Amino acid sequence: MKISGLPTIRYDECLMSWLVRSASSIGEESVLEYANSLEDPDFDLTNKNVVGFLSGLGVGEEIARGCFGARTTWLLPWENRAAYCLLCLQEDISVGGSPYWRKTWCYLHCPVCVKHRQLLVVADPLSIGLQKSWVVFIEECNGRYNRSTKCRVPWKQPSAPDGVTMLALRVQEFLTRAHISNFVRLPGIDVAVSGEAVLAVTRLLLESFLFPRLRRSLGNGVARAMQTGFPRTSGIASIEQARQLGCSDGHVYSRMTALILVGCVFKLFPAARFNDVRNSLGLTADVCSGEAYDIGRNGMRLSSVTEHIMIMEGGRKN
Ligand SMILES: [Zn+2]
């Protein structure tokens, strides 16, 4: 989409990404002022300040929603939107453009780049400000020449074997279909199932798999095994807070693991495929077979009745 005098809005581009690329024309000060005044400068397109700011640039409400609107409500919080695909950024530059941040990278259920079929990588959130696409790109380039970068080791995620990424991608694509279609097909079931129902069940599962446990003995969420050295339970005051925290974490390996467990429950692939990759996932609970019952019994084990009620209510709300 071309707006007079400003850079073309790219496919799947975040609003802040485009505003930062437009800063030399709009004025850096006003972009900063705009961003600092909002809780979510990317997706809060109904906010009067956003609508007013964009219409001043010649971007009407309908165009803004069409170009910058989120395709899901499953958004990571602004400060946790740090995962990106380096190959995508490199391609932007190779065709003579500036790298831009994709909306898809901000979605909870999308830890894999669909185009390059690889797990996203996470930038050190302390190093990324408004101009995050350039910052991460430059850091990657520096890293290649052994110059110091701001991406410290704890933020480097373990790399996933191809087979694992492919299984997660299959589930990610299924959930993307469930977001945009009224009905989706499940393997082995003749009738189509409501996309909304699939999403409600999936949300419940994700909240459970990514839930930071409040009792140490039960681990830190079945899908969080690769999340070492990063205490998830410190500072959490309530179960509700913990439930929100689980699904707002940008850690791509945990999200990928959780997707594979969701795929097992919906039987999107044979249990044998799960067994092939199970060891790479390092699950904290003893989930062995990839059968829904097994996952339900071990993967959704909650620490108290109160926790159970909170999770069930949360699943219904979303
Ligand atoms: Zn990519």
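Contact here means heavy atoms within 4.5 Å. By that test, the buried residues of helix 4 pack against helix 1, helix 2, helix 3 and helix 5. The model is a predicted one.

## Overall make-up

The chain has 318 residues, and buried residues make up 49% of them. Its secondary structure comes to 14 helices and 6 strands. Among contacts with a separation of 6 or more, 67% are between residues 24 or more positions apart.

Start with helix 4. Val50, Phe53 and Leu54 are its buried residues. They span an arc of only 95° around the axis, so they sit on the same side of helix 4. On the other side, Lys48 and Gly56 are exposed.

An α-helix has 3.6 residues a turn, so residues three or four places apart point the same way.

Now take helix 3, residues 28-36. Its buried residues are Val31, Tyr34 and Ala35. Viewed down the axis of helix 3, they fall within an arc of 95°, so they line one face of the helix. The face turned away from this buried side carries Glu29, Glu33 and Asn36, which are exposed.

What covers the buried residues of helix 3? The cover includes helix 1, helix 2 (23-26) and helix 4 (48-56).

## Nonpolar cores

In soluble globular proteins, nonpolar side chains tend to be buried together. In this model, the largest nonpolar core has 61 residues. Phe209 and Phe274 have the most contacts inside that core. Strand 1, helix 6, strand 2, helix 8, helix 9 (195-209), helix 11 (252-265) and helix 12 (271-281) each supply at least two residues of this core. Which helix gives the most to this core? Helix 11 does, with 9 residues.

A second core is separate and has 23 residues. Its members include Ile3, Ile9, Val59 and Phe68.

## Aromatic rings

The structure holds 5 aromatic pairs. Two of them are set out below.

| Pair | Geometry | Centre to centre | Angle between planes |
|---|---|---|---|
| Trp18 and Phe68 | tilted | 5.7 Å | 35° |
| Tyr84 and Trp101 | tilted | 5.9 Å | 45° |

Trp18 lies in helix 1 (residues 15-21) and Phe68 in helix 5 (residues 61-68), so this pair ties together parts that are 50 residues apart in sequence. Trp18 is buried, because its relative accessible area is 0%. Phe68 also counts as buried, at 0% relative accessibility.

Tyr84 is in strand 1 (residues 83-84), and Trp101 is in the loop between helix 6 (86-94) and strand 2 (112-113), so the pair ties together parts that are 17 residues apart in sequence. Tyr84 is buried, at 1% relative accessibility. Trp101 is buried too, at 1%. Tyr84 and Trp101 form one aromatic cluster with Trp105.

A charged side chain also meets a ring. Arg102 lies over the face of Tyr100, at 3.8 Å from the ring centre.

## Cysteines

How many disulfides does the structure hold? It holds 0. Cys67 counts as buried, at 15% relative accessibility. The cut-off for buried is under 20% relative accessible area. Cys88 is buried as well, with a relative accessible area of 6%.

## The end of helix 8

Ile180 lies in helix 8. Is Ile180 buried or exposed? Ile180 is exposed, because its relative accessible area is 61% and exposed means over 50%. In sequence, Ile180 and Thr72 are 108 residues apart, yet in space they are 8.8 Å apart, C-alpha to C-alpha.

Ser181 is found in the loop between helix 8 (162-180) and strand 5 (183-184). Ser181 counts as partly exposed, at 26% relative accessibility. Ser181 and Gly195 are 14 residues apart in sequence and 6.1 Å apart in space, C-alpha to C-alpha.

Terms used. Residues are numbered from 1 along each chain as its sequence is written. This is a predicted model: local features need pLDDT of at least 70, side-chain atom pairs count only at pLDDT 80 or more; totals for chains, interfaces and linings use all residues. Side-chain values use heavy atoms; hydrogens and water are left out. A disulfide is a pair of cysteine sulfur atoms within 2.5 Å. Buried means under 20% relative accessible area, exposed over 50%, partly exposed in between (1.4 Å probe, protein chains only). Helices (H or I, at least four residues) and strands (E, at least two) are DSSP runs, numbered from the N terminus. Rings of Phe, Tyr and Trp (its six-membered ring) pair if their centres lie within 6.5 Å; planes under 30 degrees apart count as stacked, over 60 as edge-to-face and the rest as tilted. A charge sits over a ring if NZ of Lys or CZ of Arg is within 6 Å of the ring centre and within 35 degrees of the ring normal. The arc is that of the directions from the helix axis to the C-beta atoms. A nonpolar core is a set of buried Ala, Val, Leu, Ile, Met, Phe, Trp, Tyr and Cys residues joined through side-chain atoms within 4.5 Å.
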